[in-house]
Structures are given as C-alpha cells and as structure tokens.
Amino acid sequence: MTDRWARAEAQFRQREAERKYRRDDKAWERSRRAAATPVADEPEWEDEPADGWDPYEDDDTAVIPRYVDEDEYDDDFDDEPEPEPRPRPRRRAGARTAPARGGRAAARKAARKQEGGRRRLIWVAAGVLLVLVVGAGVYKLVNRYTPAEDFAGPAGAPVVVQVKSGDTATEVASTMAEAGIVASSAAFYEAAVQNEGMNSLQPGYYAIPVHSPAADAVAALVAPGSRVGNVVVSEGRQLHDQHDVNTGARKEGIYTKIAAASCVGAEPERRCVTYDQLAQAGATTDLAALGVPEWAVESVRTVPDRARQLEGLIAAGSWDFDPSGSALDILRQLVTESARSYESTGILESGRVNGLSPYETLIGASLVEREALPQDMSKVARVIVNRLDIDQPLQFDSTVNYALDKTEVATTDADRGQTTPWNTYAMPGLPATPISSPSIAALEAMEEPEPGTWLYFVTVDKEGTTLFTESYSEHLQNIELALESGILDSGR
C-alpha cells in the first residue's frame, strides 16, 4: 500500500470522526488547511502510467473518495473559500469504481441494524436468566414455607420396621415413608427432631401403624411398648420350659420367650408365633434352613431327640428378630447370628488348646455355665478336659437334670440311674448336645482352660465356695462339707 493511500485513508477516518462529533472552529481550520496542502512528489498520471503500473489494478480496495459532509456547506461558512480539489488519475475502462455515497450509508445502516440485533439478543438472554433466577428463588421460598405432605389420620394396622444400628434421623424417616407409615420422610423428620425421645432410640424392630400423622408416628416409635422382636436369653437358659422341684415355679425356655417377643398389635388382631410352631420348626431335618453352622451340622444331624437339636445354638444375650417372619425364619435369624457370635471368640481354633471340635467345645461350655460360678469357670473347664483325656465319666448333676421336667441342684439315686443321651453318670464322655446356652465367659473358659491337674470339684456352701482336687479321697471329704451345709439336700 502506498504512502498516498495511507494518508488518504487517515484523512478519511479523521473526517468521519469529525463528522460524528461536533468540532470547534480551530478544528475546522485545521481540517481545511490539511485538505489544501498539496501532496509532495505526487506523480502526474495520464490515462496510462509510464511504467505500466496501475495502482488500482492489484489492490482489492478502491480509493476512498473525499467525503464531503453536508455540514461543510453550512451558511456560517459560505464566505470561506473552498479548497481546490486535488487531481485524480483517470481510470481505465473496466476499472472498479468507488462505492457511492448511498452504498456507504446503507452499509452503515446495516451495521447499525446488526449491532441492534445483537443488543436485543443480549437483553433477551439476560431477561430469560433473570426469570430463571427469580423463579428458582420463589420456588425455594414457597417450598420452605409449604408444610411437608402428611397424613391426617386415622392410622391403620401396625407394620414392622427395622431401625438399624447407626441409622440417622434422615434414614429412619426414609424407612418410615417407604413402609407407608408416614406420607413423607420430610414430615417425619420435622416431627422427629422435635421429640427428645429420638435421642434414646435403640436399634431393633418396631411396630408402627400405617398412615399415621408424622407426630403420632414418632410418638409411637419412642413409646416403651413399640419395640417388638427383642428377646433376652439369659446364661444357662434351655430351649424348653422346666419347673423347680421345691417351688413348682416355671422357668421359661427360649422358645417360650421368643413366642412372647414375636407378638405384634393389639387384640383382637394381635399376631404371635406360638411355642408349638417354634418347637415344630426347630425339629426340622433341614438344618440349612435353620441356619446351623457348618462346624455343627454333622453332630446335630445325629442328635437322638430332634426337639433338642438346637440346644445351645441360640446364644445367651439380647437378640432382635423380625417378628413378621415365620417360626422357621425367626429361628434361622437367631441361630445364624449366634453362630457369628460364637465364632468371634475363636471357637473354630480352640481345638489346638483343648483338643475338642468346635461343637464339643460348645457342649463343654454349656456344662461350665451350669456347674461353675464365673470365678471358677476356667478351673471347671480344666476338670472336664482332664476327665475326657482319661475317659473318666464327668458325673455332673446338671446333665441328669437336663432331661427332667422338674429339676434341682441335688439329684436322687434314681435320677442318676436313668440312662439318657445326656446323663454323664451313666456314660463317659460329653452329653449328646449342649445342655444350655452358655455365656461368652463360659465359652472362652472352655476354649482355653486354666492349666491344672484337677479331676474333682464340689460346691460346699450356699455362698458358692467350690473346692478342687485331683484326689478322690479328698473329694469325698469335700462332699461331706457340702452335705453339712445342706446344699445337697433334695426336695424329693
């Protein structure tokens, strides 16, 4: 591009700028002087340049003509002489012409229209965004003050739901909503955070009426009688009921306790699993359906009395079960969880110390539970292991009482003379099954007995004093002490 082109373009841009913005008199004077100044060394072109070069042939932009603004002909300046126009080169035939004044005005109009369109799009987009933001805010505001969906009542029949260990109020609320107890989890949550009883809520199963107002559902959940399916199995408890020889009082068995804990609802719609249903389910030969662990299956399969095959397999402790299940479902849940509890003590590896199988260790632990006080459990476990090692009968009164409906600490000669799969007076070795549900302390004592050579022990007073010895003659003397204290007197 030539210097002339650059100067012409600069002057045009200056005039365009001055046309758009009002100028003072000095500015007009400078403009006229610049226009009147001749271009130095500007060639005088003929129809055809001498060297054959046409400045318009190779350039893709026509020379911008001097644009005369209408304001230049304002009456205030009529007395000033017009600057002489500069000579312009002649154009060859067919050369492109500069755009007309009307064409440039149309271009500017189109540009302004395009710019206006862009501005309208920006305003429209901003308006849409504003509507969305305001709408979201209004939605949140409305929902914040809109009550959560709730049932008006009356409530329906109770259903069983589980509160798991570690559940938060939000998770409990979801459980209630999914069970149809409340209309929404939000309603339950709002009611729950206002009830202090939720702070003492325990894991377990609860019976709550469906379609309850949220506040009523929370109140029912924390009410003392709402928990169901919770059974406490005390140490030394047996599957079936027994009666005391002296008082006639019934000692409830595990099946009786499970049946009582399984009841849901109020009369006349009250639903319970019965003792008979549990006893029947517990006698099934489908041991897998009962949850019997693999380490006990072979021994349980050979138990001579099916009604007692689950003895000892429901551990002592507090257990939660789903009372809406069948008798078989309930027993499987309790046996499975008990086996997990036993295995956590190391019963599967205990044979390296006591020389017994896991099931035999469980049987021995049940004997320890019925024969010893906590402080003597490890010594009694050692007596059991020592006698088994020399094939000496255990001769425990607890094994005699196990098969009797009426029991006492002492036993008669007739009782001890009965041959049963459990009477260790009538045979050497362990009884056919555990004789009770042992505590974890008794199980751990049997898994690792205290070192010693004891073969005999006897409790000599009602305070629980127990004497141990490896001498039979000394043991007979200890028995005399027990007789003197009256601890071995029979009520029959």
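Tutor: Let's start with a link between two cysteines: a disulfide joins Cys 263 to Cys 272, with S to S 1.9 Å. Keep in mind that this is a predicted model, where local features need pLDDT of at least 70 and side-chain atom pairs count only at pLDDT 80 or more, while totals for chains, interfaces and linings use all residues. Residues are numbered from 1 along each chain as its sequence is written, and side-chain values use heavy atoms, with hydrogens and water left out.

Student: What counts as a disulfide, and how many are there by this rule?

Tutor: A disulfide is a pair of cysteine sulfur atoms within 2.5 Å. By this rule the count is 1. The torsion about the S-S bond of Cys 263 and Cys 272 is about 120°, so this disulfide is right-handed.

Student: Is Cys 263 buried or exposed?

Tutor: Buried means under 20% relative accessible area, exposed means over 50%, and partly exposed is in between (1.4 Å probe, protein chains only). Cys 263 has 13% relative accessibility, so it counts as buried. Cys 272, at 36%, is partly exposed.

Student: How do I read a sheet?

Tutor: Strands of a sheet pair through backbone hydrogen bonds, either parallel or antiparallel. Strands (E, at least two residues) and helices (H or I, at least four) are DSSP runs, numbered from the N terminus, and two strands pair if DSSP finds at least two bridges between them. Here, β1, β2 and β3 form an open antiparallel sheet in that order. Its edge strands are β1 (158-163) and β3 (227-228). Between β2 (residues 204-209) and β3 there are 2 bridges, and Tyr 206 has Arg 227 in β3 as its bridge partner.

Student: Which pairing does the open sheet β6-β5-β8 have?

Tutor: That one is mixed. β6 (250-251) and β8 (406-407) each have a single partner strand, so one side of each is left without a neighbour in the sheet. β5 (residues 242-244) runs parallel to β8, joined by 2 bridges, and His 243 stands opposite Lys 406.

Student: And what is a nonpolar core?

Tutor: In soluble globular proteins, nonpolar side chains tend to be buried together. A core here is a set of buried Ala, Val, Leu, Ile, Met, Phe, Trp, Tyr and Cys residues joined through side-chain atoms within 4.5 Å. The largest has 60 residues, and Ile 384 is among those with the most contacts inside it. Apart from this core lies another, of 19 residues, including Val 161 and Ile 208.
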